[in-house]
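Subject: Structure for you to look at

Hello,

Here is the structure I said I would pass on. Please open it beside this message and follow the notes below.

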Amino acid sequence: MKSDMIVKEITKRLKNQLNPKRLQHTMGVLDYSVLLADKHNEEQFQVKIAALYHDAFRNRKRDELLVLANENQMHLSDEELKNPLLLHGRLAADDLKKRYPELSRIDEIAEAVHYHTSGYQFGSKIGKIIFVADSLEKNRVYPGIDELRKLSLQDLDAAFFLVLKGKIKYALQKGHLLLKETVFAYNRILINGETINDKHS
């Protein structure tokens with residue numbers, strides 16, 4: 001199947017799976033991901049697929065997510081059992097690999113989809129682009145987002161770090177769970193000395 005046909009097929013399916021607000025967000029992530037791909041020399045097609053698929057299961061009910069995970073024989077973490085909504089990226093990644101196993105760089109696309117909420121020590125720019133676009137797309141509104149958007153077009157790694165840092169701050173302020181993937185990715189950046197000057201934070 002040609003790349004443009006796959007994009008159209010997934011988009012059509014999403015219109016039946018997502019509510020209007022979630023679909024609007026997904027389209028925003030798609031647009032911003034393509035912009036970041038252009039700025040940072042990444043292939044558009046793989047980024048488009050990851051952007052479209054990242055929230056494909058986000059409107060499923062919690063009980064339904066648990067049933068799907070059980071049907072797919074997934075071992076669930078304590079965090080996922082506590083908050084089944086965390087499964088939406090993992091289930092979407094699994095579904096993507098089953099539907100389109102022939103896609104070029106499918107493992108990188110699936111990794112981006114799986115960990116778009118938590119962040120991860122991504123093996124490619126696709127994951128960083130989706131993670132950043134998910135927080136910076138045009139429908140998002142919060143203090144400092146304009147500065148982050150400017151930074152993301154210049155330095156993807158710096159934007160990735162600050163979005164990751166922002167998620168940790170938000171989780172602590174709200175009393176939410178800190179996901180181990182988020183903490184691991186943050187620590188690896190610090191250990192590898194890849195942080196940026198605090199004037200951006």
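**Helix packing**

Helices H6 and H7 pack with their axes 7 Å apart, at an angle of about 160 degrees. H6 is therefore roughly antiparallel to H7, since angles over 145 degrees count as such. Their crossing is right-handed. On the H6 side the contact is made by Gly89, Arg90, Ala92, Ala93, Leu96 and Lys97. On the H7 side the residues are Ile106, Asp107, Ile109, Ala110, Val113 and His114. Sorted by class, this contact of H6 with H7 has seven nonpolar, two polar and three charged residues. Please keep in mind that this is a predicted model.

A second pair to look at is helix H8 (residues 125-136) with helix H9 (residues 145-154). The axes of H8 and H9 come within 10 Å and cross at roughly 150 degrees. That angle makes H8 roughly antiparallel to H9. The crossing of H8 and H9 is left-handed. H8 contributes Val132, Ser135 and Leu136 to the contact, and H9 contributes Ile145, Leu148, Arg149 and Ser152. The residues of this contact of H8 with H9 divide into four nonpolar, two polar and one charged.

In both cases I gave an angle and a distance, because two packed helices are described by the angle between their axes and the distance between the axes.

**Salt bridges**

Side chains of opposite charge can pair when their charged atoms come close. How many salt bridges does a search of the whole structure find? The search finds 15. Three of them are described here.

Start with Arg105 and Glu42, whose side chains meet in a salt bridge at 2.7 Å, N to O. Arg105 lies in the loop between helix H6 (87-99) and helix H7 (106-114), while Glu42 lies in the loop between helix H2 (20-39) and H3, so the pair ties together parts that are 63 residues apart in sequence. Glu42 counts as buried, at 11% relative accessibility.

The next pair is Arg90 and Glu80, with a salt bridge at 2.9 Å, N to O, between their side chains. Arg90 is in helix H6 and Glu80 is in helix H5 (residues 78-82), 10 residues apart, and the pair links distant parts of the chain. Both residues count as buried: Arg90 at 18% relative accessibility and Glu80 at 11%.

In the last pair, the side chains of Arg140 and Asp134 meet in a salt bridge at 3.5 Å, N to O. Arg140 counts as partly exposed at 32% relative accessibility, whereas Asp134 is buried, with a relative accessible area of 7%.

Finally, find Gln46 in helix H3 (residues 44-53). Gln46 is buried, with a relative accessible area of 3%. Which residues is Gln46 in contact with, leaving aside its neighbours within four places in sequence? They are Ser104, Arg105, Ile109 and Ile126.

Regards

Conventions: Residues are numbered from 1 along each chain as its sequence is written. This is a predicted model: local features need pLDDT of at least 70, side-chain atom pairs count only at pLDDT 80 or more; totals for chains, interfaces and linings use all residues. Side-chain values use heavy atoms; hydrogens and water are left out. Helices (H or I, at least four residues) and strands (E, at least two) are DSSP runs, numbered from the N terminus. Buried means under 20% relative accessible area, exposed over 50%, partly exposed in between (1.4 Å probe, protein chains only). Contact means heavy atoms within 4.5 Å. A salt bridge is a side-chain nitrogen of Lys or Arg within 4 Å of a carboxyl oxygen of Asp or Glu. Axes are lines fitted to C-alpha atoms, for helices over the stretch in contact, and angles run from 0 to 180 degrees between N-to-C directions. Angles under 35 degrees count as roughly parallel, over 145 as roughly antiparallel, 65 to 115 as roughly perpendicular and the rest as oblique. A crossing is left-handed if the near helix is turned anticlockwise from the far one by less than a right angle, and right-handed if clockwise. Ala, Val, Leu, Ile, Met, Phe, Trp, Tyr, Cys and Pro count as nonpolar, Asp, Glu, Lys and Arg as charged, and the others, Gly among them, as polar.
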